[in-house]
Amino acid sequence: NFSVQHGDAPENVNRNFELLGSHLSIDAGRIATCRQVHGDDVVLLDDVPGTTPSADAMITSVPNLYVGVKTADCVPILLIDPIRRVSAAVHAGWRGTVKRITRKTVQLMKERYHCREENMVAAVGPAIRGCCYEVDDAVLVPFTQNVPDSERFIATVRKNGPPRDAHTLDLVATNREELKREGIPPNSIYDVNLCTSCTPELLFSYRRDGATSGRHISLAGFRS
């Protein structure tokens, strides 16, 4: 767990960061995170921020600076351009996906850092998948209004006891499509293909476990 806001002691979380840094042979103090607010703000970093920014994506071109997002169902997306040595981390819940934060991040990498889409590599981490992510009209209405070809990512399933039709949403597929629309080659988009809700022995899930669920971290960056 990498969050002190969900029922864990600060010393445990700090120890987890130390273990992560040791495992990756990086300085854990050079991991930058943001206060995720389910929006579409993207922060451009040239150092570890003194005050945690409120945003849901970060981009940097600074070596030995690692941008990271914390998730427990939302979609973590990592982006790198190994030619320009630019890295980004995106937190895409349903609200961020509706606001098309993944698209915005890729566009900023191109506009501000002169990245080229054919050179970019993306990775999608563990997230709740379409098999488990049941949603209602509060999600479906803005999703269908703002996401291109939205019907491709919505499924109707029959639920028992009492019988009813329910709708599930595939946020991973939605964000993968955003990456492809921005020109990132499909064979440069990697997916760990793990559902947080389906994998209790390995992964946290807010939908499954509630507010005290821990948070994973996904990070990207370049060593000098």
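**Reading the packing**

Tutor: Helix 3 passes helix 5 in a right-handed crossing; a crossing is right-handed if the near helix is turned clockwise from the far one by less than a right angle, and left-handed if anticlockwise. Helices (H or I, at least four residues) and strands (E, at least two) are DSSP runs, numbered from the N terminus. This is a predicted model, in which local features need pLDDT of at least 70 and side-chain atom pairs count only at pLDDT 80 or more, while totals for chains, interfaces and linings use all residues. Residues are numbered from 1 along each chain as its sequence is written, and side-chain values use heavy atoms, with hydrogens and water left out.

Student: Which residues of helix 3 and helix 5 make the contact?

Tutor: Helix 3 contributes Thr 102, Arg 103 and Val 106, and helix 5 contributes Asn 175, Glu 178 and Leu 179, contact meaning heavy atoms within 4.5 Å.

Student: At what angle do the axes of helix 3 and helix 5 cross?

Tutor: Two packed helices are described by the angle between their axes and the distance between the axes. Here the axes of helix 3 (residues 101–113) and helix 5 (residues 171–181) cross at roughly 30 degrees and come within 9 Å. Axes are lines fitted to C-alpha atoms, for helices over the stretch in contact, and angles run from 0 to 180 degrees between N-to-C directions. Helix 3 is therefore roughly parallel to helix 5, a label for angles under 35 degrees.

Student: In what order do the six strands of the open sheet lie?

Tutor: The order is 2-3-6-5-7-11, with mixed pairing; two strands pair if DSSP finds at least two bridges between them. Strand 2 (42–45) and strand 11 (189–191) are the edge strands, each pairing on one side only. Neighbouring strands of this sheet are turned by 15 degrees against each other on average, direction ignored. Helix 3 packs on the sheet, touching strand 2, strand 3, strand 5 (75–81) and strand 6 (86–92).

Student: How many aromatic pairs does the structure hold?

Tutor: A pair of aromatic rings is described by the distance of the centres and the angle of the planes. The structure holds one such pair, counted when ring centres lie within 6.5 Å. The centres of Phe 2 and Phe 17 are 5.0 Å apart and their planes stand at 85 degrees, so the pair is edge-to-face, the class for planes over 60 degrees apart. Phe 2 lies in the segment before helix 1 (10–24) and Phe 17 in helix 1, 15 residues apart.

Definitions and conventions: Parallel < 35°, antiparallel > 145°, perpendicular 65-115°, else oblique. Phe/Tyr/Trp six-rings, centres within 6.5 Å; stacked < 30°, edge-to-face > 60°.
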